[in-house]
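Biologist: I'd like to learn how to read a fold from its coordinates. Can we walk through one together?

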Amino acid sequence: MMNGKKVLFSGMQATGNLTLGNYLGALKNWVTLNEEYECFYSVVDMHSITVRQDPATLRKRARKLLTIYIAAGLDPEKNCIYYQSHVSGHAELMWILNCFTYMGELNRMTQFKDKAAKHADNINAGLFTYPVLMAADILLYQTDVVPVGIDQMQHLEITRDIAERFNNLYGDVFTIPEAYVGKVGAKIMSLQDPTKKMSKSDENPNASIYLMDDADTVARKCRRAVTDSEGVILYRDEQPGVKNLLSIYCACTGKQPEDAVREFDGQGYGALKDAVAETVNAVLQPLQAEVARIEQDKAWLDSIIKNNAEKAQYFANKTLRKVQKKVGFPERPR
């Protein structure tokens, strides 16, 4: 608990460009959580370097992501929005937790196997141990709840295992985090393969709508979206492409699928694709305008980055000092 509220932690990687799926599935739903939780939202740039990055591009994308957090409605006065790399406690706690994590546990991580297959020329130790950094991210702030998708549940489970192992040895040090169960964001699928999630790492540029795509690009991608030959607009698993377009339409308009199906009754796929493009642009254009406005005020954004990093470091140090004492490190002079 912090300030009488439970603590919530989440973050996104500063690689690639955020997609409509990232926004509708997660970011949009973060905005109201600060009323109920003390929220820490990190730009997890340390995780990003398990894969080789161009340094200038990584810095640029990290700043853009932090700006998008704010533009999407995350108030930096009410939420702690910061760069992971600006808080040394993440790396310091990770080293300690490494010593309480078993090789067998890390060997079972499915994401390591997936990433190792994609980056066979760079299977580095960071790629193997990054679930421990993720555990440090969460445990550093005595996090109560973590919003996670199915693909991240395994990482939350290993975080809980590490925390319980440490607590069993040294007493009640870490809060054991739970999965956040609240309003579930829309699950947005690829426009080119609607059996897969929309991803910022998809190699097909037409598969994902990016948050910074202009109106013409959005319209073009929607027109090229995969549908089927049935020619009828229904919200059902047998028509994954049409179902995905309806999901996007509903997530952007707030309508229910059954209402959307009635609205498009008797119309063709072209009409659906045009309507989806229009509603997506109605969501993205105000967001893009707010990003541009924030980017103009460089001094204000720099002050937010500095103040939030100091806030995150303060709370991180409270946990870190306790952990260091428990494992026997000499006390640091203040």
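Predicted model: local features only at pLDDT ≥ 70, side-chain atom pairs only at ≥ 80, totals over all residues.

Biologist: How many disulfides does the structure hold?

Modeller: For a disulfide, you look for two cysteine sulfur atoms within 2.5 Å. Here there are zero disulfides. Take cysteine 222 again: the closest cysteine sulfur belongs to cysteine 252, and at 9.0 Å that is too far for a bond.

Biologist: On to helices. Which residues of helix 4 are buried?

Modeller: The general idea comes first. An α-helix has 3.6 residues a turn, so residues three or four places apart point the same way. Now the case: helix 4 spans residues 89–98, and its buried residues are Gly89, His90, Leu93, Met94, Ile96 and Leu97. They sit on the same side of helix 4, because they cover an arc of only 165° around the axis.

Biologist: And what do the buried residues of helix 4 pack against?

Modeller: Their partners are strand 3 (80–83) plus helix 2 (45–48), helix 7 (125–139), helix 8 (153–170) and helix 13 (298–327).

Biologist: How do helix 10 and helix 12 pack?

Modeller: For a helix pair, check angle, axis distance and handedness. Helix 10 (240–253) and helix 12 (269–296) pack at about 35°, with axes 9 Å apart, and their crossing is left-handed. Cys252 of helix 10 is among the residues in this contact, as are Leu245 and Tyr249, while helix 12 brings residues including Leu272, Lys273 and Val276. The contact's residues divide into 12 nonpolar, two polar and one charged.

Key
Residues numbered from 1 in each chain as written. Heavy atoms only, no water. Buried < 20%, exposed > 50% of the residue type's maximum accessible area, 1.4 Å probe, protein only. Helix = DSSP H or I, 4+ residues; strand = E, 2+ residues; numbered from the N terminus. Arc of directions from axis to C-beta. Contact = heavy atoms within 4.5 Å. Axes fitted to C-alpha atoms, helices over the stretch in contact; angles between N-to-C directions. Left-handed = near helix turned anticlockwise from the far one by under 90°. Nonpolar A, V, L, I, M, F, W, Y, C, P; charged D, E, K, R; others polar.
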